[in-house]
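Hi,

Here is the structure we discussed. Please look it over, then read my notes below.

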Amino acid sequence: MARVIHVFRQPDRFVAGTVGEPGDRTFYLQATQDVRTVSVTIEKQQVQVLAERLSSLLEEIVARFDAEVPETVPDDFVDVDPLDVPVEEEFRVGTMGLGWDAETSAVVIELLAITEGEVDETVVLDDTEEGPDAVRVFLSPVAARAFAERADRVVRAGRKPCPLCGEPLDPEGHICPRQNGYRRNSDLTDES
């Protein structure tokens, strides 16, 4: 079966979002252009890494290409609307790629479907016939910064951390390892 690459050159919307309650959320990235919407499932950690790497890429673009990239985005520019429904998974993201298209002054984000074996890195940001299905999104620097801001907010909107151990607090309760009397002390030496 031929590889499917969903390309969004001028998306109306590209956002990270979730379905479900904190502690049991499924994370999605959703791209919309005109009447077409594609949603892919992604891990929370991948969303966090994508937001961080996108911010780093934007800083590098300013330094190397002298492109105009805002350091911050006004809150009213960040998309806070929920995901478009119905949310139907196209695929689960395995590999992600980032790039800069100097011709169009756009950040390119590519999301590749998870596969059984190793992904050949040459298929990332390429239109080869063979390889995993992909979603490729082109964003202006402002839209990329807004995406990263929303993605960061989505990741942080989960369960609050325990003030003692930092683990997420569950609504049903939390067994904190810091309250059971066990304390690791690395200063002790074995004198036996």
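The lining of the largest pocket holds 5 nonpolar, 7 polar and 10 charged residues. Here Ala, Val, Leu, Ile, Met, Phe, Trp, Tyr, Cys and Pro count as nonpolar, Asp, Glu, Lys and Arg as charged, and the others, Gly among them, as polar. A caution on the source: this is a predicted model, where local features need pLDDT of at least 70 and side-chain atom pairs pLDDT 80 or more, while totals for chains, interfaces and linings use all residues. Residues are numbered from 1 along each chain, and side-chain values use heavy atoms, without hydrogens or water.

The pocket has about 400 Å³ of space. R25, F27, K44, V155 and R159 are the closest to its centre, out of 22 lining residues. (A pocket is an open set of points on a 1 Å grid where a 1.4 Å probe fits, with protein on both sides within 12 Å along at least five of seven lines; lining residues have an atom within 4 Å of a point. The volume is the space filled by probe spheres set on the points, which are joined across faces, edges and corners.)

Now S39. This residue sits in strand β4; strands are DSSP runs of E, at least two residues, numbered from the N terminus. S39 counts as buried because its relative accessibility is 3%, and buried means under 20% (1.4 Å probe, protein chains only). Its side chain makes a polar contact with the side chain of Q30, at 2.9 Å. That term means N or O atoms within 3.5 Å, one able to donate a hydrogen and the other to accept it; residues adjacent in sequence count only if both atoms are side-chain atoms.

Best wishes

How values were computed:
Helices (H or I, at least four residues) and strands (E, at least two) are DSSP runs, numbered from the N terminus. Buried means under 20% relative accessible area, exposed over 50%, partly exposed in between (1.4 Å probe, protein chains only).
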